[in-house]
Amino acid sequence: MHDRLSDKYFDVSADAVRSKISGWHEYKSAIPRPLLALVFISFGGLLAFDYIWFFSSNNFRFVMSDTVVLVLFLAFNIAAHELAHVAALRLCGRKIDKLGFKFNYGVLPAFYVRMNQVLLLSRGERIFCHLAGLWTNLCVVCAVVIAEYAGYSSMSLASAAYIFLTMLIMNLLPILNTDGQKVVTTFLGVEKPKNIKSAGSLLKTIHVISIIAAGAIVLRFCLSLLLLFRVG
């Protein structure tokens with residue numbers, strides 16, 4: 001709900017305010033359900049494809065000359081990620097509140113898009129907006145992997161995609177204050193917890209599984225580095 005006088009947004013159920021508002025009109029989704037379903041299904045396919053490649057790839061290598069490629073690849077994906085959030089919200093007929101920069105947990109630098117108007121959308125559209133950045137990143141990596149299989153991608157670019165997938169998992173998994181968590185809490189219809197202690201039992205279980213998955217990916221990356229140094 002949007003209070004236009006104070007310009008504040010409130011995450012409340014329709015049933016809680018339905019009796020207090022006259023002239024109630026049911027919201028109609030701007031994006032057809034079949035299209036939303038296609039996006040969600042394709043996201044699952046991209047996720048599986050990219051991380052199967054991540055765990056099965058044995059061609060990882062990185063030298064100092066690859067640094068420029070890595071920085072450009074990361075910069076492109078960060079920009080594409082945030083612009084995807086903006087585009088998704090616009091497709092739903094809404095606009096962003098702010099585009100900025102912050103430090104997650106006071107340490108990790110990150111750009112962000114503040115999307116308060118996402119609260120005015122249907123559940124499916126809210127998931128779509130939160131998922132848009134991750135979906136775009138997985139598409140970029142998928143294109144690099146396909147190009148590698150076809151012989152059109154350089155080793156430097158493939159290595160950059162490999163490193164990026166290791167970093168992406170921190171925003172992908174439903175840990176505190178990530179796109180993954182926003183997707184999960186929206187899907188379950190629960191409020192975002194302020195900390196792990198305040199999370200419900202289901203969210204705590206998801207957090208534990210997420211941490212194990214993140215550990216497996218980081219371990220795989222470390223093993224790749226170890227093999228790289230041994231070969232070198």
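1. The second largest pocket is lined by 13 residues, and F43, L47, L172, L173 and P174 are the ones nearest its centre. A pocket here is an open set of points on a 1 Å grid over the protein atoms alone, where a 1.4 Å probe fits and protein lies on both sides within 12 Å along at least five of seven lines; lining residues have an atom within 4 Å of a point. The space in this pocket comes to about 170 Å³, a volume being the space filled by probe spheres set on the points, which are joined across faces, edges and corners.

2. The model is predicted: local features need pLDDT of at least 70 and side-chain atom pairs count only at pLDDT 80 or more, whereas totals for chains, interfaces and linings use all residues. Residues are numbered from 1 along each chain as its sequence is written, and side-chain values use heavy atoms, with hydrogens and water left out.

3. The lining of the second largest pocket contains 12 nonpolar residues, 1 polar residue and no charged residue. In this classification Ala, Val, Leu, Ile, Met, Phe, Trp, Tyr, Cys and Pro are nonpolar, Asp, Glu, Lys and Arg are charged, and the others, Gly among them, are polar. At least two lining residues come from each of α2 (33-56), α4 (123-150), α5 (155-172) and α6 (179-188).

4. The chain has 7 helices and 4 strands, in the sequence order β-β-α-α-α-β-β-α-α-α-α. Helices (H or I, at least four residues) and strands (E, at least two) are DSSP runs numbered from the N terminus. Of the 232 residues, 39% are buried, where buried means under 20% relative accessible area, exposed over 50% and partly exposed in between, with a 1.4 Å probe and protein chains only. Among contacts with a separation of 6 or more, 67% link residues 24 or more positions apart; a contact means heavy atoms within 4.5 Å.

5. Helix α3 (residues 67-91) has 25 residues and spans 36 Å from its first C-alpha to its last, close to the expected 36 Å at 1.5 Å a residue. The expected span is 1.5 Å times one less than the number of residues. Its buried residues include N77, H81, E82 and H85. G93, which follows α3, has a positive phi near 85°.

6. Helix α6 is largely enclosed by the rest of the structure, because 7 of its 10 residues are buried. These are D179, G180, Q181, V183, V184, T185 and T186. Just after α6, G189 has a positive phi of about 75°.

7. H130 belongs to helix α4 and counts as buried because its relative accessibility is 8%. Residues up to four places away in sequence aside, H130 touches H85, M115, V118, D179, K182, V183 and T186.

8. The whole structure contains 0 disulfides, a disulfide being a pair of cysteine sulfur atoms within 2.5 Å. C129 is accordingly in none, and the nearest cysteine sulfur, that of C92, is 3.9 Å away. C129 is buried, at 0% relative accessibility, whereas C222 is partly exposed, at 40%.

9. C142 also lies in α4 and is buried, with a relative accessibility of 12%. C142 and F49 are separated by 93 residues in sequence and by 7.4 Å in space, C-alpha to C-alpha. Apart from neighbours within four places in sequence, C142 is in contact with L46, F49 and D50.
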